[in-house]
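Q: I have the model open and want to go through it piece by piece. Can you start with the overall make-up?

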Amino acid sequence: MRNDSHEATSTPDGILRRPEVDPDFLKDATWDGRFHYSYVPPPAAELRLPPEVRLHSEFDLDIDPVTYQVLRNRFWSINLDHSDTIRRVSGSPVIVYMDDFNTALLTETADLLMAGPSIQWFAALGDLPIKWTMENRGQNPGIGEGDVYFHNDPWIGCTHAMDVGMFAPVFHEGRIFSWIFSQCHVGDVGGPFPGSFNPLANDLYEEPVLVPPIKLVRGGELQIDVLEMHTRKSRTPDHLALQMRSQMAGIHTVQARMAEVLAEYGAATVKGAMRRMIRDCSAAIGERLMRIPDGEWSERFYMAGLGAEDRAAHRFSCRIRKQGDQLVVSNQGTDPQYKAASSAYGSWRSGVLVAVGSFLGWDQLLCNAGALDHVSFEPTPGTLSVATYPAATTGVGGNTAAVYLSAFTVSKMLMSGPEDLSRRANAAGGQSIPSFWFGAGNDRKGRFVVQPPGDVVAGALGAFPDRDGVDIGGAWWWPNNPSGNTEEWEDALPILYLYRRERQGSGGPGRWRGGNSLETAIVLHKTDEMLVQLVSLDNAINCALGLGGGLPGHTGDYRFREAGLPRDRLASGVLPGTPDALERDVGELTRLFAKEITMMHPGDVFVAQYCGGGGFGDPLTRQPELVAGDVSSAAITVDDARALYGVVVDGSGSADLTATNELRLRMRADRLAAARPPVAPDDVSLDPERYTGSAGGAVGFGPASDGEEHWGCLACGRALAPIDQNYKDGAAQLERAPQAISPRQYLDPSEFCDEAFVVREFLCPGCGVTLATELCKPDDPPVVDAKLAARVEVTA
Amino acid sequence: MTSAGLSVGVDIGGTFTDCTIMHDGGRITTGKSPTTPDDRSLGFFDAIANAATNMGSTLESVMERCDLLVHGTTTGTNAIVERRGAAIGLLATRGHDDAMFIMKGQGRTSGLSPDEALDVHSTRRPEPLVPRSMVRPITERIDVDGEIIVPLDEDGVRDAVRELVAAGAAALTISFLWSTMNPVHERRAMEIAAEVAPDLFISCGSDLSSRSGEYERTTTAVMNSYIGPLMLDYVDRIQDGARQRGFQGSVQFAQCAGGAITSAEARHAPVRTVHSGPVAGTIAMARIAERTQLRNVIAVDMGGTTFDVSVIHDGRPLQRDISIFERYAMALPMLDIESIGAGGGSIAWIDEVGRLNVGPRSAGARPGPACYGFGGTDATVTDADVVLGLVNPDNYLGGRMRLDRHLAEEAVDRLAAQLGMSRHETAAGIATVVDAKMADLVRRMSLLRGLDPRNFACAAFGGGGPLHAPAVAAQAAIAGVLVPLPHAASVLSAYGAATSDVVHVVQRWRVMKLPVPGATVEEIFAALETEAAEKFAGQGIDTAGVTLERSVRMRFSMQIHDVEVPVPAGRLDDGAVERIDQRFEEVHDQLFGRGSGDRTGGIDFTAFQVRATATTGRADLMSDERHESSAESRAVYWSELRDFRDTPVYEEVPSAAIEGPALIELPDTVIVVRPGQRGEPDRAGNYVIEVRGGTR
């Protein structure tokens with residue numbers, strides 16, 4: 001289907017001309033990144049450049065297809081060389097083994113041409129500090145050949161103080177031809193706690209010092225005073241210095257390779273390829289957006305455990321409005337900024353852009369500028385996702401929330417589109433939730449180390465509308481996603497792993513199963529003590545949600561047992577290699593609060609479980625053979641098969657189809673009987689043969705007996721609601737405590753949160769199939785998944 | 001090492017086994033014979049016998065006079081690619097038995113091109129090489145320093161091996177954490193396993209890789225076990241067969257990083273022979289390129305079953321330390337070679353929606369293409385080439401094999417009827433489809449690596465290379481095709497094997513903070529050089545002609561990675577160590593920019609390395625003979641003309657330039673100069689085809 005009521009708006013020449021925020025939205029404040037409000041850049045065509053900043057802007061779009069392909073891929077390989085150089089010079093295991101960084105190439109006006117395959121929302125921040133620097137530093141101290149700048153200021157555009165954004169121009173013929181950018185997470189830049197996260201911080205004055213863009217290298221000469229101004233604050237100054245040198249080395253590599261490319265193909269052709277990449281990416285995304293009906297999609301979720309002793313739940317909201325090929329994204333409804341979990345505008349914007357870029361521009365080599373051509377923002381300041389100065393930001397809550405919420409909402413939008421787009425919708429993945437920990441202490445050689453192990457990023461991909469998620473599948477926004485080897489982390493931290501394994505049954509149940517996640521157990525090794533700090537959120541409430549009626553993945557958890565396994569017990573041959581064996585050998589473990597800071601001693605056992613991916617669709621509709629296959633490959637247990645999927649697996653490992661049918665019918669009837677009836681039953685009738693579109697999963701729409709378009713159940717045809725209303729109003733609602741669904745899969749929210757939470761399942765009142773699920777407070781109104789413009793012009 | 005005796009190289013492909021014999025100080029004679037899949041050693045000796053006949057000798061005489069017999073093979077590669085390896089069991093440290101499934105978290109995108117990896121919806125982990133049901137956790141634990149933390153549960157090993165054998169394991173991998181620091185548990189478990197199941201092929205992680213990182217090490221050992229039983233049998237048959245036929249020495253095996261290893265090493269570490277056939281071809285091509293002063297070459301090798309592509313950039317074949325093979329990462333240095341199932345034997349078929357497809361399934365040597373007359377009825381690429389008139393059925397393999405044109409036509413006609421196309425359109429369609437697939441791989445190896453194919457020559461070898469590369473090159477935007485040594489081109493991998501350098505790289509990983517006394521470093525290098533000499537002695541190679549290159553790996557102490565720094569020959573004293581230290585900083589600055597390092601934490605040596613190379617006799621590459629050749633002609637169907645054209649057919653390489661269309665029918669291959677192309681030999685004896693439309 002095609003929506004022809006709007007003109008295509010994609011850039012014809014790769015130059016972006018639209019403001020990213022409607023000026024009306026900004027009129028009451030100065031969004032310049034210098035005081036309260038974040039920097040909101042003008043479109044590339046309207047950068048306010050001082051005369052000293054001279055750009056090399058000539059380009060020729062008329063390039064033969066081979067040259068274009070060579071250059072596209074050459075840029076990709078140059079960007080990979082950039083990353084490799086950083087890894088090779090760096091001394092930081094999180095960089096070398098875990099890729100906690102990314103690199104990017106940008107045009108002369110800092111349009112983000114290409115991100116590397118590491119953390120995408122790191123790279124997607126790159127245009128902000130560069131544009132800011134051209135506008136604000138172009139005259140004094142100026143931008144010259146051989147200069148390198150760095151910063152760590154979220155109000156200009158970075159994640160938090162521990163991420164060093166570094167950038168440098170590529171000069172050609174005395175003018176700025178393009179830009180090089182990297183952002184690396186570093187171990188420690190000071191502040192009250194090792195590792196620089198401060199869960200107790202009320203504002204940024206209790207966090208590491210921020211540095212707005214400052215010249216680090218002047219005409220090829222390192223300014224040692226500037227370097228030491230930054231490293232002086234760190235507990236590991238030498239490592240920080242080496243880390244920053246690795247970024248400088250990366251810039252050197254790219255400059256050399258860009259010079260080769262320019263010599264080989266000429267500036268107009270090289271720039272022409274860059275502009276064409278942006279144009280092509282914009283055109284591809286625009287074309288796909290045009291094929292989705294206009295409408296509005298939204299999502300809401302909560303975080304708890306945002307600060308020490310925080311027992312409240314905080315709401316994050318996202319709404320995407322689509323008209324033609326343009327999206328307007330709003331964070332309205334998000335709760336006020338709170339402690340260190342807040343993030344600034346740049347992080348929110350970056351999360352939105354990578355979601356739009358990846359889900360609609362998957363074949364465009366992560367060209368963010370092409371995505372930006374189709375997105376504008378409506379930021380509500382003072383909130384968790386668009387915080388104002390001086391909010392504390394080390395906790396990264398808002399960043400990951402932005403990535404998660406944007407992708408989830410974009411997925412809902414895709415589900416309203418044609419099949420080739422809707423199948424790309426993706427339930428939340430394990431890494432949607434910011435949940436990690438790090439250790440700080442002396443290693444076995446007496447060196448002070450502070451860092452997380454790579455386990456924290458092993459992740460799990462959520463399920464899709466037509467296939468399962470991926471076990472230990474990382475994150476969609478982190479294609480490389482290395483979590484490293486056990487041996488690498490045992491060398492980097494003073495720990496010994498008892499086990500590091502896939503957690504059985506941790507993927508969210510659904511017609512398509514979410515990916516299973518990782519679980520590890522460690523003891524301290526060859527040191528006296530190590531500080532373990534959780535940088536997490538209350539797992540019970542923050543889990544990866546399912547889509548289309550699928551259930552969330554395992555919530556993840558952190559557990560601890562003091563003196564559980566002294567070394568002499570290991571020496572005697574006790575080696576618990578599974579969660580069950582651990583519980584048997586050391587006894588029950590205690591849950592830790594999301595912001596726990598614990599001193600770990602020899603013999604103490606620390607268990608980290610990470611979130612599984614969300615499921616897609618009603619688990620009672622999963623093919624019984626697939627469920628039996630999951631049991632035989634040990635992805636789930638026999639008990640999970642029965643309790644969550646309604647599948648009876650017999651002694652030979654096959655699904656007993658008769659018993660399964662009976663069980664499933666009974667489960668459907670039981671849950672429908674237990675559910676609240678629809679708020680607003682829809683009395684019209686719908687012809688299942690005449691559905692003209694879908695909201696994904698089991699929800700479709702088509703002309704009803706009243707002549708209007710209505711939502712309805714695709715499984716049985718029952719009408720749910722008029723097309724411009726929430727289909728959930730016509731669904732029965734079943735609310736259960738999460739742990740009542742599966743105590744092994746879901747935790748009890750009341751342990752660390754004072755607000756009640758339920759899993760709410762929306763059921764078709766006709767057949768009982770699950771249409772959607774929410775994890776919410778009992779008095780929350782239903783989320784409006786999709787509201788389509790009434791009477792959209794669609795043809796099957 | 002120069003030799004008055006013969007050097008023999010043999011390359012076993014999926015369809016043909018090729019041989020070259022180097023004799024009389026650099027002359028080469030070639031031979032070819034069908035591969036014998038049931039017992040590949042039969043084809044091995046048939047090919048040598050064929051070459052012996054061609055040089056006017058006999059197999060026995062050649063074997064007696066031979067002092068270097070080097071073998072390259074894709075047998076192991078094919079077994080892995082086709083998932084035909086042994087059922088294997090895996091013993092892993094308890095609690096870490098999921099390492100092969102976790103794949104360092106990278107399984108979803110490992111080995112994919114950027115466009116594939118970024119298309120989230122289509123990404124998934126590869127099928128496991130060992131199913132979970134064949135993995136057994138073993139209670140044991142060694143730590144980062146090699147200290148035993150939990151003793152080995154020997155009974156547990158015994159039980160696990162019994163269970164795995166009962167479950168059908170034909171090979172076993174033992175891979176424990178930190179076995180590189182202390183292999184005692186792996187060794188003991190191996191002894192126990194050998195007691196329990198004496199016939200089991202066993203690989204240990206620490207025997208195959210000295211790198212830390214359990215995932216890559218375990219994969220290497222798993223791949224090794226997977227092809228172990230197959231390769232063991234195979235190596236033995238060849239070694240025994242050679243001995244029975246009078247060969248006095250030890251058969252050498254080409255290996256994936258270039259150079260050759262002994263049969264004992266190949267038995268122990270068959271994974272090192274993966275890709276060794278194509279690698280030998282690439283190495284030979286690199287040498288020819290050097291002589292021809294070509295810096296950038298895309299080497300394409302088309303045999304009966306696979307099409308292999310490698311890249312020589314700036315004079316050096318691309319290489320990797322960690323190789324991704326079939327989407328699993330292995331701790332094994334390898335030349336960067338990619339293969340697809342496309343060759344003369346590739347079968348053409350029609351899918352459910354009526355599209356014409358070619359490969360990856362191959363008719364192999366038996367039954368082979370329909371025109372072989374061995375009972376095959378599927379139309380293959382070779383059948384299409386016969387129908388088109390590109391291949392002369394009466395002069396295949398220099399007339400040693402007669403092809404049946406009629407059978408080829410029948411096979412093509414069956415597809416033509418389904419497609420509703422003419423016989424010749426269908427045959428041209430088969431060729432076009434397979435050429436397009438090959439061009440895709442060439443693009444992947446060039447464009448996707450950011451290399452401009454227009455700055456590369458396409459070197460075409462293997463039996464089908466000179467036949468198809470001119471069409472492939474045109475599609476992949478390559479301006480020129482080079483057929484290296486036309487008379488040896490169809491057997492270039494065998495030629496590469498026969499002229500392999502024998503290389504031993506001996507290393508010692510030891511972290512030492514500078515300053516280190518010169519005497520200590522000298523002592524380490526001396527020990528390494530003795531070790532290398534012993535290896536050569538074991539192969540019966542005179543060490544007098546061996547060249548030794550010393551190097552160290554160094555880093556700024558706070559770094560994780562290191563860089564290689566060459567160490568000049570000569571006795572090392574304290575001053576020499578200081579000079580190495582300076583050199584390190586120069587190397588680092590050169591690689592990463594001035595001031596990129598930081599001496600604050602000091603400087604480390606991390607490893608010491610000696611690369612010992614014995615150079616075998618070299619063929620005189622300029623000796624390829626040229627002839628004044630007159631042409632006959634026959635009707636050939638050219639897809640670009642959509643018609644037949646009476647085409648001159650040369651029986652030898654004409655020294656004058658010729659305009660296409662034309663065919664040069666050599667004993668083992670046909671060089672095709674397509675319409676609009678132009679061919680001419682270069683001064684080094686290679687044949688060069690100018691491809692229209694390929695220039696920038």
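A: Chain A has 19 helices and 28 strands; both are DSSP runs numbered from the N terminus, helices being H or I of at least four residues and strands E of at least two. This is a predicted model, in which local features need pLDDT of at least 70, side-chain atom pairs count only at pLDDT 80 or more, and totals for chains, interfaces and linings use all residues. Residues are numbered from 1 along each chain as its sequence is written, while chains are lettered from A and ligands numbered from 1 in the order in which they are written.

Q: How compact is chain A for its 796 residues, and why do you say so?
A: Its radius of gyration is 26 Å, close to the 28 Å from the globule rule, so chain A is as compact as a globular protein of that length. The radius is taken over C-alpha atoms, and the rule is 2.2 Å times the number of residues to the power 0.38. Along the principal axes, the C-alpha atoms of chain A fill a box of roughly 75 × 75 × 50 Å.

Q: What share of chain A counts as buried?
A: 65% of the 796 residues. Buried means 20 or more other C-beta atoms within 10 Å of the residue's own, exposed means 12 or fewer, and partly exposed is in between, with C-beta atoms placed from the backbone.

Q: And the contacts in chain A, what fraction join residues at least 24 apart?
A: 74%, among contacts between residues at least 6 apart in sequence. A contact here is two C-beta atoms, placed from the backbone, within 7 Å.

Q: Let's look at β4(A). Mostly covered or mostly open?
A: Mostly covered: nine of the ten residues in this strand, 163–172 of chain A, are buried.

Q: What about the turn between β4(A) and β5(A)?
A: The two strands form a hairpin with two residues between them, and Glu173(A) in that turn has a positive phi of about 50°.

Q: Moving on to the open sheets. What is the strand order in the one with β26?
A: β25-β26-β27 of chain A, with antiparallel pairing. The edges are β25 (732–736) and β27 (770–776), each pairing on one side only. Neighbouring strands are turned by 20° against each other on average, direction ignored; axes are lines fitted to C-alpha atoms, for helices over the stretch in contact, and angles run from 0 to 180 degrees between N-to-C directions. β25(A) and β26 (residues 758–763) share five bridges, and Glu735(A) stands opposite Arg760(A) in β26(A).

Q: And the four-stranded one?
A: That open sheet runs β13-β12-β16-β19 in chain A, also antiparallel. Its edge strands are β13 (448–451) and β19 (597–600), and the twist averages 15° from one strand to the next. β16 (residues 530–535) and β19(A) pair over four bridges, where Leu531(A) stands opposite Met599(A).

Q: Where is the largest nonpolar core, and which residues have the most contacts inside it?
A: It has 462 residues, and those with the most contacts inside are Leu113(A), Val356(A), Val8(B), Leu172(B), Ile298(B), Val300(B) and Cys458(B). A core is a set of buried Ala, Val, Leu, Ile, Met, Phe, Trp, Tyr and Cys residues joined through C-beta atoms within 7 Å. α9(B) gives the most, with twelve residues. Not counting residues up to four places away in sequence, Cys458(B) touches Ile298(B), Val300(B) and Ala469(B), among others. A second, separate core of 13 residues includes Leu620(A) and Val648(A).

Terms used. Two strands pair if DSSP finds at least two bridges between them.
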